Amino acid sequence: MIYIGSHISASGGFAEMGKTALKLGADTFAFFTRNPRGGKAKDIDEKDVAALQQIMDEHNFGPLVAHAPYTMNLCSDKADIRKFAKDMFADDMKRMEYLPGNYYNFHPGSHVGQGVETGIDYIVEAMNEVLFPEMKTMVLLEGMAGKGSEIGRNFEELRAIIDKVELKDKVGVCLDTCHLWEAGYDIVTKLDEVLELFDQIVGADRLRAIHLNDSKNPIEAHKDRHELLGEGHIGKDALAAVIRHPRLQGKPFILETPNDDAGYAKEIAWVRSVMQ
Ligand code: FE
Ligand code: FE
Ligand code: ZN
């Protein structure tokens, strides 16, 4: 089995997200730690967090996969943007400690022309400053579609980041089916080989979460356009094979398809109907 859920709006607070997850038939979910475009996060209400924790315990939720804001670019070419991103990252790590044992997923960053090596050095520098030994959250580097100057477009780049991070046991990876496909990994006809390659380059135990999306584009498009499950170029059969893959059992799967809650509930029900 896998855990399945979708992105849920954080605007009503923590317990409200848990209630919405139950309504959708989910047993994990993703939420933005603050406005997706960045900005200040709300103060933590500990009672509200405890109420979510109770829902999660009672309903055997898997780990949540919080998502950093899209604007958090740890490897910008501008020092003030890097500083803004690092401060946001550090603040999110403090806040995640109120919900111990979950994941915090982030896009490694875009090097905006400085080159992959410089970008990776900035990302690692920030991670080495922000991660701390006692933290109860694992951060997940998201594999990217390779749009623009995105870092993390292949397994080698993810590995290169992890290699230079000091607290390696705090770092995992989240693979996104749309991103894999658009990055050029053929998960439709060569899923076993792709996962084997990930194991060889990064290590299977680093893989902690899956973003389950179809893609509006053919393989290797590098555009990053998510599609409803079964309505894109990946298709239902290939997505079902991902859901049922022995190497991916026990992991949280998050839908990031262009949907409202009713659409997510439908997709979650479909995932449950094909899961083993
Ligand atoms: Fe993402
Ligand atoms: Fe994603
Ligand atoms: Zn995406």
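Lysine 170 is found in the loop between α5 and β7, where helices (H or I, at least four residues) and strands (E, at least two) are DSSP runs numbered from the N terminus. The model is predicted: local features need pLDDT of at least 70, side-chain atom pairs count only at pLDDT 80 or more, and totals for chains, interfaces and linings use all residues. Residues are numbered from 1 along each chain as its sequence is written, chains are lettered from A and ligands numbered from 1 in the order in which they are written, and side-chain values use heavy atoms, with hydrogens and water left out.

**Lysine 170**

- Lysine 170 is buried, with a relative accessible area of 10%; buried means under 20% relative accessible area, exposed over 50%, and partly exposed in between (1.4 Å probe, protein chains only).
- Leaving aside neighbours within four places in sequence, lysine 170 is in contact with Leu131, Phe132, Pro133, Met135, Thr137, Met138 and Val139, contact meaning heavy atoms within 4.5 Å.

**Iron ions**

- His67 (NE2), His107 (NE2) and Glu142 (OE) coordinate the iron ion (ligand 1) at 2.1 to 2.3 Å; donors are N, O and S atoms within 2.8 Å of the metal (3.2 Å for Na, K and Ca), and sites may look incomplete because water is not among the atoms.
- Along the sequence, the donor residues of the iron ion (ligand 1) have the spacing H-x39-H-x34-E.
- Distant parts of the chain are linked by one pair, histidine 67 in strand β2 (residues 65-67) and glutamate 142 in strand β5 (residues 138-142), which are 75 residues apart.
- Histidine 67 is buried, with a relative accessible area of 1%, and glutamate 142 is buried, with a relative accessible area of 1%.
- Glutamate 142 forms a bridge between the iron ion (ligand 1) and the iron ion (ligand 2), which lie 3.3 Å apart.

**Zinc ion**

- The zinc ion (ligand 3) has His179 (NE2), Asp224 (OD) and His226 (NE2) as its coordinating residues, at 2.0 to 2.3 Å.
- The spacing of these donors along the chain is H-x44-D-x1-H.
- Histidine 179 in helix α6 and aspartate 224 in the loop between β9 (214-215) and β10 (226-227) are 45 residues apart and link distant parts of the chain.
- Histidine 179 and aspartate 224 are both buried.
- A distance of 5.2 Å separates the zinc ion (ligand 3) from the iron ion (ligand 1).

**Cavities**

- Three cavities of 30 Å³ or more are present in the structure; on a 1 Å grid over the protein atoms alone, a cavity is a set of points where a 1.4 Å probe fits but cannot get out, and lining residues have an atom within 4 Å of a point.
- The largest cavity holds about 60 Å³ of space, a volume being the space filled by probe spheres set on the grid points, which are joined across faces, edges and corners.
- Of the 13 residues that line the largest cavity, Gly143, Met144, Gly152, Leu175 and Leu180 are the closest to its centre.
- At least two residues of this lining come from each of α5 (155-164), β7 (171-176) and α6 (177-183), and α6 gives the largest share, three residues.
- By class, the lining of the largest cavity has seven nonpolar, four polar and two charged residues; Ala, Val, Leu, Ile, Met, Phe, Trp, Tyr, Cys and Pro count as nonpolar, Asp, Glu, Lys and Arg as charged, and the others, Gly among them, as polar.
- The second largest cavity, with a volume of about 40 Å³, is lined by residues including Leu175, Thr177, Leu180 and Ile187.
- Two or more residues of the lining of the second largest cavity come from each of α6 and α7 (191-201).
- The lining of the second largest cavity has eight nonpolar residues, one polar and no charged.

Terms used
1 Å grid on protein atoms, 1.4 Å probe; cavity = no way out; pocket = protein on both sides within 12 Å on 5 of 7 lines; lining within 4 Å.
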